[in-house]
Amino acid sequence: MRASGKKISGDKDIQVILGTLLRAGVVAAMTVVFIGGILYLLMNSYHLISYAEFDSTKAKYASITAVFAGLRTMDGAAIIQFGVLLLIFTPITRVLFSVFGFLIERDYMYVIIGLFVLAVILFSLSNKLVG
Amino acid sequence: MSVLLFTIIVLAGAFLAGLLGSLTGLGGGVIIIPLLTLVLGVDIHYAIGASIVSVIATSSGSAAAYVKEGITNIRIGMFLEIATTVSAIFGAVITVYLNPGYIAVMFGCILLFSAIMMVRKKIDHSNDDFSSPMARFFKLNGSYPVNGEVVQYGVHNVAGGFVMMFFAGIISGLLGIGSGALKVLAMDNIMRIPFKVSTTTSNFMMGVTAAASAVVYLHRGQIDPGIAMPVTLGVLTGSTLGARILINTKTDKLKVIFAAVVVFLALQMIYNGLSGKI
């Protein structure tokens, strides 16, 4: 079923890179969430909260630019959200790397498939989808 | 409730959810959403936002190990992600327009289905002597290591699997879960991919599917840092520990007990959804 032995070894290398990338992304994101969480608890431990009603206008960090602005003030909640962003971007970077991998293998059909998946996710990054 | 108390309860619950989830093969979100909504009175839209973040964490964490072992089929994953990402975004966009009660009922039904899938006796459908022309065209057929030997497999009914993946993606985006049970159904039963390959590939895909809808939730303010923090930290540590225990544990009995818990939660969600309590 395989065209040559070379292709299998190529796939294997990409898989090792992808595996390392995924793990590094998760570890980095979790470290940031943990640090942000400590700061957030130090500042807010005894505040009262209720999540009984969803209110989109109350959300402070509902865009990537807002998260970065919040980071400058060292707000714990903003740091947590930054960790969440790192987590979201881990699988997206994974797709990007697979596209490069397929490009090296000259598997152009999968380069196009990968670019399409990437385009769909990038489209969701634009604010247009949320009214 | 104070922030500290809320964080501790969610952290403990998420840890347990991650642990049981990885031991039984069910995602953490399946327990997290009922815990947040039924026990802590959190609005289901916040629960969905926090859950999807934990789906990405566990998917990426476990996919890292599987990908290195060479069991995951990256081409199948990428090919089917065309369907799951488009439909996950669609699901995430429409979820806010739906009555929370309907979402709870739908969630309950998916829980029931997942419980059945979990305890059902598994039959390996894979055979390697035939594959569909479409599978050959998209180069989906592959091989994976079994006890040191490389086994080839062919992929069947690509179109059917692709359609099923659209459905799995919508459910994932609507409810903030990985919908692993639906993905495995598509790959295992319809496309007849060997178990190990279908479960690991579905896990691998989940992160990308979830990332697509997570961005929509983030923009809408459904991802609240105060909930996302204990949920992701708890689920990830729980599932990491679960994966370590899994190697030398018989999980058959645990699965039955866990299925009973899931059925109970499902009925609670459906009841509360129908009576307007959610």
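Helix H4(A) has 18 residues, which at 1.5 Å a residue should span 26 Å. Its end C-alpha atoms are 26 Å apart, so expectation and model agree. The model is a predicted one.

Which residues of H4(A) are buried? They are Tyr110(A), Val111(A), Ile113(A), Gly114(A), Val117(A), Leu118(A), Val120(A), Ile121(A) and Ser124(A). An α-helix has 3.6 residues a turn, so residues three or four places apart point the same way. Gly114(A), Val117(A) and Ile121(A) are among the buried residues. What do the buried residues of H4(A) pack against? They meet H3 of chain A. They also pack against two helices of chain B, H4 (74–95) and H9 (195–220).

Now the whole interface. Chain A brings 65 residues to the contact and chain B brings 68 residues. Together the chains bury about 5900 Å², with 72% of it on carbon and sulfur atoms.

Polar links are present as well. There are 16 residue pairs in polar contact between chain A and chain B, both residues at pLDDT 80 or more. The interface also holds 4 salt bridges. One of them joins Arg94(A) to Glu81(B), whose closest N and O atoms lie 2.7 Å apart.

Three helices of chain A, H1 (5–44), H3 (76–104) and H4 (108–125), each supply at least two residues of the side that touches chain B. H1(A) gives the most, with 18 residues. The table sorts that side of chain A by class.

| Class | Residues on the side of chain A that touches chain B |
|---|---|
| Nonpolar | 39 residues |
| Polar | 16 residues |

Terms used. Residues numbered from 1 in each chain as written. Chains lettered and ligands numbered in written order. Predicted model: local features only at pLDDT ≥ 70, side-chain atom pairs only at ≥ 80, totals over all residues. Heavy atoms only, no water. Contact = heavy atoms within 4.5 Å. Buried area = accessible area lost by both parts, 1.4 Å probe. Salt bridge = Lys/Arg side-chain N within 4 Å of Asp/Glu carboxyl O. Polar contact = N/O pair within 3.5 Å; in protein donor to acceptor, adjacent residues only side chain to side chain. Helix = DSSP H or I, 4+ residues; strand = E, 2+ residues; numbered from the N terminus. Nonpolar A, V, L, I, M, F, W, Y, C, P; charged D, E, K, R; others polar. Expected span 1.5 Å × (residues − 1). Buried < 20%, exposed > 50% of the residue type's maximum accessible area, 1.4 Å probe, protein only.
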